Amino acid sequence: LNQGGSYFGTKKANEPLHVLYDYKDRSIRIVNSLYVPRSNFIVSIEVYNIDATPSFIRNVSVDSVPSDGSISVFSLPTLSSLSSTYFLRLRLRNSSNQIESDNVYWLSTSLDVIDWSHTTWFRTPLSAYADFTKLSSLPPVQVTSSINSRIVDSRYRSNVVITNRGTSIAFFVRIRIVRSTDGKDVLPIIWDDNYLILWPGEQRELVATYDVISLNGAQPKLVVEVWNDIIKESRIVVDK
């Protein structure tokens, strides 16, 4: 088992209470898949340029969300002076200020254009594409990591803390644990989250569990891969 980005994307999309962006009408929606209504939320809506400068920030109060339903809570306005590729961050907080849903989109000022004249029953091509080329020139970041691990019943439990200490957005942060002897991934492994996007100053803690036998006698190494940074490695300290 080696959970890929699609796994974590699907996991987020199917969380019981989910805040999302509707591409069709630029609305911000809350989806409640629970069979009970929920109430008293704050939706944080933040738009950032490619260099992490804020372009739009708004907090919206939501009185209630119906059971097994969805509601539109805001429509994102047309914004000027945006970079051609930009980020939309959505966070849903409950009355205790706990985040119940955190969602990030990278968007383009140039939209996909559907070529309806050449559509078939299984495929509709595009005549123009959204522009995400700015992702390749994201400013470099300074990401640091720390880890604490312990062995319980022949299994490791590793708590990994990832911090973005720079002033740029850390895009697609992937955390891996590999064998020190050959650099291959320790498998199978279960992460509670991965493939992160970290804002400047943001810190996240992840948990990984895996079998000691999967190391084949080697030492485990933590590898942090970031889209706009170099690969970093560090030895795991194990509390036995």
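Q: How are contacts read, and what percentage of those with a separation of 6 or more join residues 24 or more positions apart?
A: A contact means heavy atoms within 4.5 Å. In the protein chain, 61% of the contacts with a separation of 6 or more are between residues 24 or more positions apart. This is a predicted model, in which local features need pLDDT of at least 70 and side-chain atom pairs count only at pLDDT 80 or more, while totals for chains, interfaces and linings use all residues. Residues are numbered from 1 along each chain as its sequence is written, and side-chain values use heavy atoms, leaving out hydrogens and water.

Q: How many helices and strands are in the protein chain?
A: Helices (H or I, at least four residues) and strands (E, at least two) are DSSP runs, numbered from the N terminus. The protein chain has one helix and 18 strands. Strand E3 covers residues 38–48 and includes Ile42.

Q: Is Ile42 buried, partly exposed or exposed?
A: Buried means under 20% relative accessible area, exposed over 50%, and partly exposed in between (1.4 Å probe, protein chains only). Ile42 has a relative accessible area of 33%, so Ile42 is partly exposed. Of the 240 residues in the protein chain, 41% are buried.

Q: Which residues does Ile42 touch, not counting residues up to four places away in sequence?
A: With that exclusion, Ile42 touches Asn59, Val60, Ser61, Arg91, Leu92 and Arg93. From Ile42 to Thr120, the C-alpha distance is 43 Å, with a sequence separation of 78 residues.
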